[in-house]
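This report goes through one protein chain, from its overall make-up to single residues. Please keep the sequence and the model in view while reading.

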Amino acid sequence: MDNTLTKTTLINVATALNNNEKIDAGLVDPFLDHKFEELSSLSRFMLKVSAVISLFFASVLVIFPEVGETLIEWLPGFFLLPERLSKALDYVWGLVGEPVGQQHLMYHVPNIIVYAFGVAGVRQVWKRVHKNNWKDLVAGAQEKLGTAIEDGTGLFRFTPGFSLLFVGEGDHIARSLVADDPAVGLTISSRRQPYTNLWARFAAGEGDEGFVRALGQINAEDAGEYVLFPVRDEHLFLPGPLDFDIAPHRVDVAVRRIREFEKERAWKAKRIIIVGDKEQRSNFVTEGESGRIATDIDEVSLRTIADKYENMTILDPTETTIRSIVEFAGGRRILFRSSDRGVEKYGREFYRRLSLLGYSPTSEEALTIGYDISDLETEHQLLSQAYPAYLPVILSRDIFDGLVKSGLWDDSYIFIPRLVKQELQRLVGQQ
């Protein structure tokens, strides 16, 4: 697709940037990538012509001065410029090069040829005097936009229905989502993520002021949803109690901040999508002299958050994956195969999460699920072909790419990041 911007669009974007106005998100990359051709084909041709003519005059005036003096004697008297005019020309030459310091027109001819006919010398003079031609306007705005992007302070306008993506370090699902559609929404993070220019800087410790500033950089009222990623990519499936990027109670604070922000502006509560594990929790206890006192608010989890606030959707990667496994099983008994350490870490939790979905086998045939602490063990079991009904569940992009190259069909394995991203795309695409 040709993303070349017209002169009018370039000027409009540059003017908006200089006026500190929001610019359309889809124009950011094409505007930054735009480069001006240094010389047109006509200018290059004229440069060659002027170079030949200038060389001739330089030979006459410098190398063979006696020839130049003879020519000057032959030329009519009006070629001797008035003193003021020669000084005026010298002023112009001083703007773009070196003054000539001669009153006779012959000595000024090389500069006249080069700058008037050759390469756009008139434009050079105009630039030096005015500094306001449209190409300079665009170049200055490109530099300003680049600095704002590095600082996380860019001002953007998105198509209504876009997403606000609150991401941590290395959220590959968010990265893949943005790679598929760069204008899907604004990435909000404590530091710039290398995969997008459309981002705003916000760290959890900045509080309400930082949050308001980040959302003020875009047309936040037109957003379709907020998406939070309190997960670690290496622990998408069957994570341990502490295998999260953001603790549940911090997610609770973030959701509360969003809802308070909306209420202050009299906005309708937008949907909040949280990609995280429903079973992870933050626990708080009350201790008295005689021991611990139970209360109704001892546990904070994504479940309790969803119950407390309206218009919430929890995308639990473990639940999504197990639902896919159940679909693959088609009523068969489900067995879990892993290394001894993998079974110890994941086996019991796998069957507990399976039971939460109420799955009951209807066949004596079995489907063996492979998942391990490392995908390398899972890959070994798959390639050994010891189990014909073996379904590996993998997290590693490298292992996934290897399986694809080996010619295996998609129904021969489950790649969790792709599965979760597809479900997230489905949710984001809902109106």
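## Terms and overall make-up

Helices (H or I, at least four residues) and strands (E, at least two) are DSSP runs, numbered from the N terminus. This is a predicted model, in which local features need pLDDT of at least 70 and side-chain atom pairs count only at pLDDT 80 or more, while totals for chains, interfaces and linings use all residues. Residues are numbered from 1 along each chain as its sequence is written, and side-chain values use heavy atoms, with hydrogens and water left out.

The chain has 17 helices and 16 strands. Of its 431 residues, 42% are buried (buried means under 20% relative accessible area, exposed over 50%, partly exposed in between, with a 1.4 Å probe and protein chains only). Contact means heavy atoms within 4.5 Å. Among contacts in the chain with a separation of 6 or more, 65% are between residues 24 or more positions apart.

## Helices H1 and H8

H1 (7-18) packs against helix H8 (residues 134-151) at an angle of about 50°, and the two axes are 9 Å apart. Axes are lines fitted to C-alpha atoms, for helices over the stretch in contact, and angles run from 0 to 180 degrees between N-to-C directions. The two helices are therefore oblique to each other (angles under 35 degrees count as roughly parallel, over 145 as roughly antiparallel, 65 to 115 as roughly perpendicular and the rest as oblique). H1 passes H8 in a left-handed crossing; a crossing is left-handed if the near helix is turned anticlockwise from the far one by less than a right angle, and right-handed if clockwise.

On the H1 side, the contact is made by Lys7, Leu10, Ile11, Ala14, Thr15, Leu17 and Asn18. H8 contributes Trp134, Leu137, Val138, Ala141, Lys144 and Leu145. By class, these residues divide into nine nonpolar, two polar and two charged (Ala, Val, Leu, Ile, Met, Phe, Trp, Tyr, Cys and Pro count as nonpolar, Asp, Glu, Lys and Arg as charged, and the others, Gly among them, as polar).

Asparagine 20 is found in the loop between H1 and strand E1 (23-24). Its phi is near 60°, a positive value in a residue other than glycine. Most residues other than glycine have a negative phi. Asparagine 20 has a relative accessible area of 54% and is therefore exposed.

Histidine 34 is placed in the loop between helix H2 (28-33) and helix H3 (41-63). With a relative accessible area of 17%, histidine 34 is buried. Not counting residues up to four places away in sequence, histidine 34 touches Leu5, Leu10 and Gln142.

Helix H11 (residues 248-264) has 17 residues, which should span 24 Å at 1.5 Å a residue; its end C-alpha atoms are 24 Å apart, which agrees. The expected span of a helix is 1.5 Å times one less than its number of residues. Buried residues of H11 include Val251, Val255, Ile258 and Phe261. Just after H11, alanine 266 takes a positive phi of about 60°.

Arginine 259 is found in H11 and is buried, with a relative accessible area of 11%. Leaving aside neighbours within four places in sequence, arginine 259 is in contact with Tyr226, Ala269, Lys270, Ile272, Tyr309, Glu310 and Asn311. Asparagine 311 lies in the loop between H12 and strand E12 (312-315). Its phi is near 55°, a positive value in a residue other than glycine, and at 37% relative accessibility asparagine 311 counts as partly exposed.

Alanine 306 lies in helix H12 (residues 302-308) and counts as partly exposed at 23% relative accessibility. The C-alpha atoms of alanine 306 and valine 255 are separated by 9.8 Å, with the two residues 51 apart along the chain.

Helix H17 (residues 416-429) has 14 residues and reaches 20 Å from its first C-alpha to its last, close to the 20 Å expected at 1.5 Å a residue. Among the buried residues of H17 are Leu419, Leu427 and Val428.

The axes of helix H9 (residues 172-180) and H17 come within 10 Å and cross at roughly 60°. That makes H9 oblique to H17. H9 passes H17 in a right-handed crossing. The contact is made by Ile173, Ser176, Leu177 and Asp180 of H9 and by Pro417, Val420, Lys421, Leu424 and Gln425 of H17. This contact has five nonpolar, two polar and two charged residues.
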